[in-house]
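Please look over the sequence and the model shown here before reading on. The paragraphs below are meant to be followed with the structure open beside them.

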Amino acid sequence: MNIIMSNSSPNVESLYSKSLKQLCYSMNEDTLVNVLKWLPPSISLQILWKVLKVNNDCENFVYNLPESKISSIKRGREIAQMSLHNSGYEEPVSYRQMSSETHEGFATIQQTKFVDRFNFSQHIDLNLFSKYLEVTNYRSELFTIFQICIQINGFQFPKNLADEWIKIDIQDESNSVYVHHIDQGLKLGIFLGDAGWFSECALVLSHTYKIITTKWLCHDQNLKLVKIIQCLTKWLLVVSNYHNFEEAKVVLQYMLHTIGVIEKIERRKLCIAYAYVAVSQYYYVLMEFNEAWSWAFKAVYELQDKSADILKLLVISHAIRVCSVLNKLSTARKLINQLHTYEKEIDQNVDVDILLNIACYSLKADLAKDSINSYYIALDSRRNLFGYYNLHTAIVFVDYAYARYVCDYSTTDFNEAMRSILQGIFIMEKIGLPNDNMLLVNAGRIKALILEEKALDIMDRGIDIYIHDGIRDLQADGIKRLLERMKRNMLNEAEALHLKALEVSLKAVGMKALLTAKSYCNLGRLYQSQEKYTQSEQMHLKAIEIKESILGKDNPEVALSLGHLASLYTYQLKKYQEAEVLYLRSKTIYETTYGQQYTGLLYDFQGLVEVYRELNDIEKCNQYTENMRRFHETREAWLHEVHTATDENCTKDDFSLEKFKCILNECACDK
């Protein structure tokens with residue numbers, strides 16, 4: 001059957017669609033095999049999509065337009081709460097119901113729906129898949145078809161595909177054959193990385209890099225550099241994001257050497273902005289934020305007016321994230337405002353990346369609730385595009401759980417945060433992440449934070465929560481002992497998770513690192529909850545020492561640990577003068593960095609009220625009580641101002657690179 005697609009006539013498209021429908025209607029397995037084998041890949045992909053009837057051909061699962069964000073938020077919320085309609089659950093699943101069977105049942109509902117009448121996955125081999133990788137305008141459909149293959153064939157499918165490519169024995173060592181093989185490896189590796197299969201991506205790209213640098217005799221040095229930098233950029237990104245620091249260090253050295261060679265080329269035309277982003281992301285994951293900022297800054301300045309819009313979006317979006325963690329919040333806000341002037345349609349996956357980076361800003365800017373909807377959209381989109389059992393999806397669950405934890409800290413209702421973190425951990429374990437992988441360990445750390453808060457709350461609300469579970473007839477003392485045992489078990493589980501995080505952190509990055517300081521900080525809080533006060537003080541002091549040595553004495557991360565130690569001194573160790581000094585120092589750092597409406601100040605105010613009450617300083621006690629009252633009164637007005645303020649300096653011209661560069665330089669010119 002000869003099918004031709006053209007835009008020359010308004011009737012041709014309809015004839016094309018009618019031909020596709022007729023072919024799909026009359027399809028059998030033999031016909032499908034011929035379609036996959038002989039038709040151009042763009043056409044066979046469309047036919048395969050129609051034959052599979054993905055999600056019953058329902059456009060409700062597509063997120064790519066602003067007006068569809070409302071339904072995407074709704075679906076994302078239902079996923080986070082494990083309460084999808086028609087899921088078999090009449091209400092959100094509670095922590096006590098999170099059995100393996102519950103997860104498996106919910107995950108089954110979340111899987112992509114399709115119809116496989118012809119065993120299509122048995123006919124998709126490396127050769128056919130490589131052809132599909134040439135099709136760029138059906139990338140989203142290919143991601144979904146790939147995850148359907150995984151649903152059918154199991155989680156080893158990506159690894160088997162990678163191994164099959166690596167084992168190809170090149171008989172003809174001519175230049176053209178090597179070029180074809182290298183291009184195939186780059187496209188396969190990059191696709192696997194984009195699809196959320198990081199270790200498989202690294203496997204393919206490491207092999208590709210070896211071929212480029214040891215077997216390919218290329219006389220065009222510029223062409224060789226293009227292939228090398230393309231390979232190293234994605235390789236470094238995936239091993240960094242996978243937290244494989246040992247391999248990442250090796251790749252970084254390759255990358256820095258290659259960047260050095262390229263930068264020395266006179267009048268070079270090759271743009272390596274995304275390579276700079278990869279290096280920046282490496283340092284970002286290590287929490288070496290100043291170095292990450294240096295490379296993010298270089299990435300923006302490497303952009304050219306003729307650079308592709310998608311590259312500009314990715315580079316500037318990354319700069320927003322790095323700005324945010326460095327508390328350059330005004331700069332991040334201006335970058336976001338300017339980015340929002342871009343009015344063209346954005347690829348779904350890129351749009352979600354931007355949303356997640358803006359969510360990072362919102363969390364740092366004390367606008368936690370603003371980040372929640374972005375995470376809901378990301379959950380829905382990642383699940384739709386890559387599947388429920390996917391690392392991309394799991395990472396969004398973990399990041400969202402932490403945002404939810406921060407957002408709900410004042411309410412002590414951590415149920416949705418707990419459901420989300422448990423789903424993230426469940427997915428990571430299911431797809432085979434090693435127990436010592438930092439992604440999984442970090443997820444465990446966040447679970448421990450939530451567990452600790454739930455444990456502390458259990459004595460206050462435990463009777464109400466558990467009375468319907470059949471213990472109504474227990475005596476009050478029996479209920480209290482039961483709840484105390486549950487509290488102790490939850491805190492012990494949290495301790496094991498934090499100790500695991502510390503162990504892995506020390507092994508990966510050593511003592512003098514922010515990743516390690518974070519573990520000491522968390523253990524300090526936990527030991528306070530466990531009434532191990534001496535150990536708690538030791539942990540907090542270690543965290544403060546490391547943070548100050550890296551960040552200086554006036555960083556909000558330092559203030560966080562100062563506040564935790566002050567709390568220990570106030571409520572347990574009764575060291576009120578020492579606590580006062582710490583609270584005041586923390587308060588000054590927060591006010592200088594974030595202003596008067598930062599919610600972290602409330603904990604300092606509360607602590608100071610308690611300190612001055614114990615020291616019988618009535619004047620200062622009343623002063624900080626009044627500060628707390630005024631804070632609550634003005635907080636809503638401040639939030640309204642933040643959400644309604646307009647940036648008069650924002651230029652409505654989509655991608656003015658000069659404007660973005662001025663923002664990064666905090667330039668006062670009129671550009």
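This is a predicted model: local features need pLDDT of at least 70, side-chain atom pairs count only at pLDDT 80 or more; totals for chains, interfaces and linings use all residues.

Residues are numbered from 1 along each chain as its sequence is written, and side-chain values use heavy atoms, with hydrogens and water left out.

The protein has 29 helices and zero strands, where helices (H or I, at least four residues) and strands (E, at least two) are DSSP runs numbered from the N terminus. Of its 671 residues, 53% count as buried; here buried means under 20% relative accessible area, exposed means over 50%, and partly exposed is in between, with a 1.4 Å probe and protein chains only. The accessible surface of the protein comes to about 31,500 Å², of which 49% belongs to carbon and sulfur atoms, the areas coming from the Shrake-Rupley method with a 1.4 Å probe and, for residues, with only the protein chains shown counting as cover. Among contacts (heavy atoms within 4.5 Å) between residues at least 6 apart in sequence, 68% join residues at least 24 apart.

The buried residues of α4 are Ser72, Ile73, Arg75, Gly76, Glu78, Ile79, Ala80 and Gln81, and what covers them includes α5 (100-110), α18 (368-386), α19 (391-407) and α20 (415-430). Just after α4, Met82 takes a positive phi of about 55°.

Helix α12 (residues 245-263) can be read in a similar way: its 19 residues should span 27 Å at 1.5 Å a residue, and the 26 Å between its end C-alpha atoms agrees with this. Its buried residues are Phe245, Ala248, Val251, Leu252, Met255, Thr258, Ile259 and Ile262. Seen down the axis of α12, these buried residues fall within an arc of 140°, so they line one face of the helix, the arc being that of the directions from the helix axis to the C-beta atoms. On the other side of α12, Glu246, Gln253 and His257 are exposed. In general, an α-helix has 3.6 residues a turn, so residues three or four places apart point the same way.

Which residues have the most contacts inside the largest nonpolar core? In this core of 216 residues they are Ile47, Phe146, Leu236 and Ile421, a nonpolar core being a set of buried Ala, Val, Leu, Ile, Met, Phe, Trp, Tyr and Cys residues joined through side-chain atoms within 4.5 Å. Helix α21 (residues 438-466) gives the most to this core, with 12 residues. Ile421 touches Val398, Ala401, Ala443, Ile446, Lys447 and Ile450, not counting residues up to four places away in sequence.

Gln147 lies in helix α7 and, at 3% relative accessibility, counts as buried. With residues up to four places away in sequence left out, Gln147 touches Thr112, Arg383, Asn384, Leu385, Phe386 and Gly387. The C-alpha atoms of Gln147 and Gln111, 36 residues apart along the chain, are separated by 9.2 Å.

The structure holds 29 salt bridges, each a side-chain nitrogen of Lys or Arg within 4 Å of a carboxyl oxygen of Asp or Glu. One of them joins Arg139 and Asp194, whose closest N and O atoms are 3.8 Å apart. This pair links distant parts of the chain, with Arg139 in helix α7 (residues 139-153) and Asp194 in helix α9 (residues 175-194), 55 residues apart. Arg139 counts as partly exposed at 22% relative accessibility, and Asp194 is partly exposed with a relative accessible area of 22%.

The side chains of Lys575 and Glu537 also meet in a salt bridge (3.4 Å, N to O). Lys575 sits in the loop between α25 (556-571) and α26 (576-594), and Glu537 in helix α24 (residues 533-551), 38 residues apart, which again links distant parts of the chain. Lys575 counts as partly exposed at 30% relative accessibility, whereas Glu537, at 17%, counts as buried.

A salt bridge also joins Glu633 and Arg629 (2.3 Å, N to O); being four residues apart in helix α28 (residues 618-644), they are separated by about one helical turn. Glu626, Arg629, Arg630 and Glu633 are linked in a network of salt bridges.

Note on methods
The expected span of a helix is 1.5 Å times one less than its number of residues.
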